[in-house]
Structure formats: structure tokens, C-alpha cells
Amino acid sequence: MPRDLCRAGDAIVFNDVSFSYSNGFALSDLSFTIRSGELALIMGPNGSGKTTVLKLMAGILKPSSGDVYLCGINTKRVKLSEVAKYVGYVPQNPWMAFFNNTVFNEIAYVARNIGLSKEEYEARVLEVSTWLNIAHLLQRSPHSLSEGEARRVSIAAAVTHDPSIVLLDEPTAGLDYLNKVDYVNIVQKAVLRRGRTVVMSSHDIDLLTLFPEAKVILLNNGRLSFNGYIRDLLSRAHLLLSNKLLPPAAIALSTYLNELLGIGAEGREPSVEELIERTVLRKDVIGELICS
Amino acid sequence: MYRLHPVTKVVIVIASIIVASICPLVCLIAFLTFVASLSAVGMEFAKFLRIMRSALTIILVLALFTLLYGVLSTHSPRIILEASFTQGVIIGSIKLLKLMLSFAVLFSTTRPQSIVRMLSKLRVPYKYTYILVLAIRYMSILMSDFQEIYDVQAIRGLRIDSGSTLMRIRNTLSLFIPLIVASTDRLNDMSIVLEVKGFGLSKHRSYAFVEKVNLMDIVVIALIPLVVIGPHLALNLVK
Ligand SMILES: Nc1ncnc2c1ncn2[C@@H]1O[C@H](COP(=O)(O)OP(=O)(O)OP(=O)(O)O)[C@@H](O)[C@H]1O
Ligand SMILES: [Mg+2]
């Protein structure tokens with residue numbers, strides 16, 4: 001299968017997909033499409049089924065009814081070791097992926113398995129590890145890494161063979177805000193390439209402001225509750241709340257201020273004079289807000 | 001059976017997990033016969049019958065439900081006649097039977113203390129009853145970790161779902177390295193948590209007697225690969 005497959009058209013298609021575990025959790029009737037070259041965020045609270053959806057995308061799990069198409073191929077008809085050629089998968093727990101004695105071998109692993117030449121993969125490993133700031137770790141054992149390092153190594157290991165689809169499960173888990181911003185830079189450098197489809201799962205709503213162009217698929221308890229673009233989602237803060245996600249702090253603050261100042265209440269933008277007047281009127285509240 | 005070293009029984013369990021996940025029908029049946037005859041010879045016959053009966057009941061119920069579910073979800077009874085479906089159910093049942101049998105052998109013929117002792121050699125803090133409960137739960141965690149590692153490595157291009165049987169066996173065996181590393185990490189965490197919770201404050205325990213590995217253990221372990229690979233080779237030769 002050519003690796004350039006899937007650089008145009010629909011990368012991932014869910015067609016009325018249902019799936020259930022033996023313990024009763026079920027995904028029901030999911031339908032959505034991710035076009036190639038798109039960045040998609042699968043959002044939802046803990047246990048809403050994000051990991052399950054990513055595993056269905058990768059072909060690790062097969063739907064009990066409906067179909068999942070990966071690059072136009074039904075996942076029921078592919079072997080996982082074939083999928084490796086065009087998909088990079090970063091599991092939620094990076095330790096599950098580690099398999100080799102050194103970080104270098106870990107990062108080169110998929111490229112070797114699918115038969116890239118030595119010169120090719122050595123050059124790629126160096127390039128990718130520089131992007132991800134892990135070039136100094138290449139000779140270490142993957143099991144001696146810190147969590148943040150391990151996460152970056154497992155991302156590197158998933159992109160070395162230049163797959164056309166990259167699936168990342170909870171890539172920002174355990175990172176503070178600054179590290180998240182840092183992470184965004186890394187993703188932009190190492191993961192987002194022209195024509196590559198990237199899917200990230202997260203319950204971290206900050207990602208919405210960090211990747212404002214992304215497509216969002218919102219899951220709640222195994223059901224699709226939103227499927228569209230961020231700009232349509234942020235204007236509907238209630239949708240986030242009803243899905244047990246807090247809107248990003250900045251959005252929450254501006255929504256609050258808007259309400260406080262009555263912006264949008266008359267169905268038109270207030271003039272500057274009106275705004276100043278209202279701000280002065282409510283300066284006690286606003287002062288308190290800023291001090292706290 | 002009682003005289004076998006616990007490690008030997010653990011080896012049987014691991015072998016049956018591997019066999020169940022990768023081997024064709026012939027080895028499955030061969031291995032099943034092997035484990036079944038081992039336990040029939042080595043246990044009180046009544047106990048063996050009891051284990052077989054309960055295992056068979058569970059499996060029969062499961063198989064019936066699967067068949068029923070198949071019929072209900074497609075609204076046509078004809079699916080039972082479809083060879084692939086019924087065959088899947090039968091193979092699944094055989095695999096299950098084998099797994100249950102080898103686990104039953106481990107847990108029913110090994111005194112809990114032996115298992116506890118093995119764990120404590122791995123530096124797991126004692127308080128055995130508690131640990132034993134943990135250990136049994138741990139089995140299912142190990143199984144799901146193994147599944148996770150299997151899936152992730154398959155999607156990284158490791159040939160465990162295609163290629164020759166021999167290569168699959170070799171590659172599947174190699175998955176035990178990350179499994180062991182992952183589980184030692186987990187055991188470490190678990191023991192730290194237990195310690196923080198105040199376990200292990202009493203002093204180290206010594207044991208009245210320790211099992212030795214003897215000839216029978218070696219014979220049984222040596223038989224495993226023969227039983228698994230033998231019939232396969234024989235069949236290929238006939239072809
Ligand atoms: N292998 C499994 N067997 C049985 N049930 C499972 C399995 N994996 C997940 N589940 C259940 O399915 C549900 C959804 O799990 P999933 O991992 O997809 O959620 P998630 O959105 O990724 O959660 P998190 O944010 O915690 O990662 C949970 O209730 C979980 O308990
Ligand atoms: Mg998850």
C-alpha cells in the first residue's frame with residue numbers, strides 16, 4: 001500500500017458506528033467525517049469514549065455495527081501491521097508502546113518494520129528528535145525517562161515513518177499550561193505537515209484556544225453531541241457545560257463580562273460611549289474581579 | 001499436580017495464553033488434551049470433574065448466548081448455518097476451556113501460600129490474604145495490559161497478525177518483555193502505595209518449607225513446546 005495514500009479526500013469516515021464493551025459501555029450511531037489534511041480534536045469528559053473512538057479509527061477495535069473507513073478502506077478488512085504504513089498511533093499510556101533497548105531504536109522502530117532504508121530512517125530519527133527536543137536522550141533506555149520525555153518520545157516514534165494519519169490519545173495529559181503551549185509548538189513543528197491528518201483526543205478544553213482552526217468532535221457518554229468547527233462551538237458555551245466541560249478561562253471571562261456589561265443584550269454592539277458609561281457604573285464589580 | 005513447582009504451573013498458564021491467541025485449531029486441541037490429561041492424572045478425579053463441569057457450563061451458556069445474539073441481531077436463524085460464524089463460536093469455546101483449565105490448575109492445586117511466597121520473592125510486600133486478592137485481580141490487569149501492548153505493537157508494524165506461525169510465536173513471545181517491564185513498574189507503584197497506607201509494618205516473614213524444582217517439572221515444561229508445535233509439523237508433513 002503506497003504511503004502517500006490518503007493525502008486527499010476523506011481520511012476517516014465513521015458510518016453509523018456502534019460498539020460496546022462487555023461491561024456495558026457503548027458507543028452508539030456515530031457518524032462523522034474527517035477530511036485529509038484536517039486537524040480534529042475528540043473532546044469529552046473521562047470515560048466518554050475518546051480512546052475507544054481512536055482505537056476504532058486505527059482498526060484496533062472493529063465496530064459491532066456500521067463501518068469505519070480509513071483512507072477509503074474498511075477497517076474490518078485490514079491487518080494492523082498493514083495500517084502501520086500510513087498511520088502513526090500514540091497511545092494514552094506511552095509506556096505501553098516501549099519495546100526497544102534505546103530511545104533511538106524506539107523511534108526508528110516503525111520505520112524499520114515497514115522497510116525504510118538505514119540512511120533514510122537515521123536521517124528521519126535525527127530530524128524528528130531535534131524537533132521534539134529529545135536528541136540528547138537517544139542513547140538512554142526508554143524506561144528511564146520522565147513522563148514528559150516519554151510522551152515526546154512516543155510522539156517521535158509515531159511520526160518517523162511520515163504517516164499520512166497521526167492519532168494522539170490525550171497528548172497533553174499531565175502538562176501545565178506553559179508546557180501545553182510548548183507542546184503546541186512541538187505539534188506544529190513535528191506533527192502537523194501539509195496534507196497530513198491529525199486526530200487528538202483530550203478533555204483539556206485549553207486545546208480549543210490553542211488550535212483555533214481545528215474540527216471538534218464532542219462526545220458525551222458514547223454519543224456524539226457536537227461535530228463541527230471551534231468557532232461554532234465557542235459561541236455556544238452552554239454546549240460545553242452540558243457536556244461536563246468547562247469553557248476555556250478566557251472565553252468564560254469574556255462571556256461573564258459581556259453579561260455584566262449587557263453586551264449583546266439589545267441584539268447590537270454597544271457604542272464606545274455606552275461601554276465606558278457601563279464600565280464606570282460597574283467599576284466596583286470589575287475592580288473586585290481584577291483584584292481577586 | 002500438587003507436587004509441581006508453582007513456577008511450572010505459571011509457565012503452563014502463560015503457554016496457554018500464547019496458544020490461545022495465535023495458534024490454529026490443531027495445536028489448540030493438542031494443548032487442551034495435554035492440560036486436561038495432566039490435570040486428570042494429577043488431581044483427585046472428583047475435583048477434576050467439578051472444574052470441567054463448571055468450565056463447560058459457563059462456556060456452553062456463553063456459546064448459546066452468542067448464537068442467540070447472532071440470531072436476534074440479524075433477525076434470521078439462518079446465521080447458525082453459516083459455517084464461519086458457528087466455527088468461530090466453537091474455536092472460541094475451545095480457547096476459553098483451555099484458558100480456564102490452566103488457570104484452574106494453577107489456583108486449585110497450589111496453596112495460596114505458595115503463590116504468596118512467589119510474589120514475595122518478587123519483593124511484593126506481604127499481608128498475604130490481601131496480596132492474594134490483589135494478585136488474582138492482577139491477573140486480569142495483566143491480561144488487559146497484554147492486549148494493549150499487543151495492539152499497539154501490531155499497529156507499529158510488528159508482524160503478529162500476519163506471516164508464518166513460527167514468526168508470530170516468536171514475535172508474540174517478545175511482547176512479554178514490555179509486559180514484564182510494565183508490570184514491574186506497576187508492582188513498584190502498588191507496593192509504594194501499600195507502604196504509604198501502612199502495610200508491611202510487621203517484620204519479614206520466613207517460610208516453613210520451600211518447594212524444590214524436580215525432574216517432573218522439567219519434563220512437563222519440555223513437553224509444552226512439543227505439544228504445541230508437534231501436531232502442526234506433523235500436519236504439514238502429511239500435506
Ligand atoms: N477494554 C475494555 N473493556 C471493558 N470496558 C472498557 C475497556 N476500555 C474502556 N472501557 C470502558 O469504556 C468506557 C469508555 O472508555 P474510554 O477509554 O474510551 O474513555 P475515554 O474518553 O478515553 O476516557 P479517559 O478520558 O479517562 O481516557 C469507560 O467506561 C471504560 O470503563
Ligand atoms: Mg482515554
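A crossing of two helices counts as right-handed if the near helix is turned clockwise from the far one by less than a right angle, and as left-handed if anticlockwise. What we have here is a predicted model, in which local features need pLDDT of at least 70 and side-chain atom pairs count only at pLDDT 80 or more, while totals for chains, interfaces and linings use all residues. Residues are numbered from 1 along each chain as its sequence is written, chains are lettered from A and ligands numbered from 1 in the order written, and side-chain values use heavy atoms, without hydrogens and water.

Let me start with the helices, which are DSSP runs of H or I with at least four residues, numbered from the N terminus. In chain A, the axes of H3 (residues 103–113) and H4 (residues 118–131) come within 10 Å and cross at roughly 130°, and H3(A) passes H4(A) in a right-handed crossing. The crossing of H5(A) and H6(A) is also right-handed.

Now to the ligand. Around ligand 1 there are 14 residues, the closest including A:Asn46 and A:Lys50, where being near requires a heavy atom within 4 Å. A polar side-chain atom of A:Lys50 lies 2.7 Å from an oxygen atom of ligand 1, one of A:Asn46 lies 2.8 Å from a ligand oxygen, and for A:Glu170 the distance from a side-chain N or O atom to an oxygen of ligand 1 is 3.2 Å; a polar contact here is a pair of N or O atoms within 3.5 Å.

How values were computed:
Polar contact = N/O pair within 3.5 Å; in protein donor to acceptor, adjacent residues only side chain to side chain. Axes fitted to C-alpha atoms, helices over the stretch in contact; angles between N-to-C directions. Helix = DSSP H or I, 4+ residues; strand = E, 2+ residues; numbered from the N terminus.
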